[in-house]
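Please open the structure in your viewer, with selection by residue number at hand.

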Amino acid sequence: MVALLVLGGCAGPKAVRGSDTPGLDNAAMSTSLDRKDLEQALKISMEALRTSKLMARWASENQPTVGVLPIRNETSEHVDSALNALMTEIESQLINFAPVRVISMQTQDQLMDEIRHQYESGGFDETQTATWGKQLGVRYIVSGKVFSSDERTEKARRVQYYLFIRAVSVETGEILFQNQVPITKAII
């Protein structure tokens, strides 16, 4: 009897690897954005970019330079590190499928610190994107934002996210591509 109580007391949550636990990433664990949500949203946005007029424009140019800015978090969720990983994935995909040269914006420390500071303080001025792009030596800037709308009842919560990805001409400031992907999470 004592052995059963001891064994029963040890049963509880245990650490597992996703590779050892099929389907582990399939279930939502909260209403926060998770890797699966962001991967799915990015897949949709990048497919829209692949088939866009902008991709044809880039193909007609001689490998134009593109920089990727951090994705701005306009939600109350603490997903900045996940959004930074998403920014890096955008860079990877552009390197692998687009007829462009991707310039690392991370190596431009002083300017990136200024951009990060404006992002974090909420004083980000999108009209400066073209100026920053010229300073960084890029012709196009890819950036993004994520917004949310949160609703609650006594027994349920729903959060609707909107991930926007856009590409801007540094020369003119014109938005040449923009895509929105909705993501809904709920506790019901």
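Does D37 count as buried or exposed? Select D37, which is found in helix α2, and note that at 11% relative accessibility D37 counts as buried, where buried means under 20% relative accessible area, exposed over 50%, and partly exposed in between, with a 1.4 Å probe and protein chains only. This is a predicted model, in which local features need pLDDT of at least 70 and side-chain atom pairs count only at pLDDT 80 or more, while totals for chains, interfaces and linings use all residues. Residues are numbered from 1 along each chain as its sequence is written, and side-chain values use heavy atoms, with hydrogens and water left out.

**Around D37**

Leaving aside residues up to four places away in sequence, D37 touches S32, I183 and K185, a contact being heavy atoms within 4.5 Å.

**Along helix α2**

Now extend the selection to residues 35-50, which make up helix α2; helices (H or I, at least four residues) and strands (E, at least two) are DSSP runs numbered from the N terminus. At 1.5 Å a residue, the 16 residues of α2 should span 22 Å, and its end C-alpha atoms are 22 Å apart, which agrees; the expected span is 1.5 Å times one less than the number of residues. Colour the buried residues of α2, namely D37, L38, A41, L42, S45, M46 and L49. Seen down the axis of α2, these buried residues fall within an arc of 145°, so they line one face of the helix, the arc being that of the directions from the helix axis to the C-beta atoms. An α-helix has 3.6 residues a turn, so residues three or four places apart point the same way. On the face turned away from the buried side of α2, select the exposed residues Q40 and K43. At the start of α2, a side-chain oxygen of D34 reaches to within 3.1 Å of the backbone nitrogen of K36.

**From the helix to the sheet**

What do the buried residues of α2 pack against? Their partners are α3 (53-60), α4 (80-97), β4 and β5. Helix α2 lies across β4 and β5, running at about 155° to β5, whereas α3 lies across β1, β3, β4 and β5 at about 165° to β3; axes here are lines fitted to C-alpha atoms, for helices over the stretch in contact, and angles run from 0 to 180 degrees between N-to-C directions.

Select the strands next: five of them form an open sheet in the order β2-β1-β3-β4-β5, with mixed pairing, where two strands pair if DSSP finds at least two bridges between them. At the edges stand β2 (101-102) and β5, each with a single partner strand, so one side of each is left without a neighbour in the sheet. Strand β1 (residues 65-73) runs parallel to β2, joined by two bridges, and T65 stands opposite R101 in β2.

**The two hairpins**

Move to β3 (residues 140-152) and β4 (residues 157-169), which run antiparallel and are joined by 13 bridges; D150 stands opposite V159 in β4. These two strands form a hairpin with four residues between them. In the loop between β3 and β4, select T153, which is exposed with a relative accessible area of 56%. The C-alpha atoms of T153 and I188 are separated by 9.6 Å, with the two residues 35 apart along the chain.

Finish with β5 (residues 175-187), which runs antiparallel to β4 and is joined to it by 12 bridges; Q180 in β5 is the bridge partner of F164. The hairpin of β4 and β5 has five residues between the strands, and there G173 takes a positive phi near 80°.

Definitions and conventions
A polar contact is a pair of N or O atoms within 3.5 Å; within protein, one must be able to donate a hydrogen and the other to accept it, and residues adjacent in sequence count only if both atoms are side-chain atoms.
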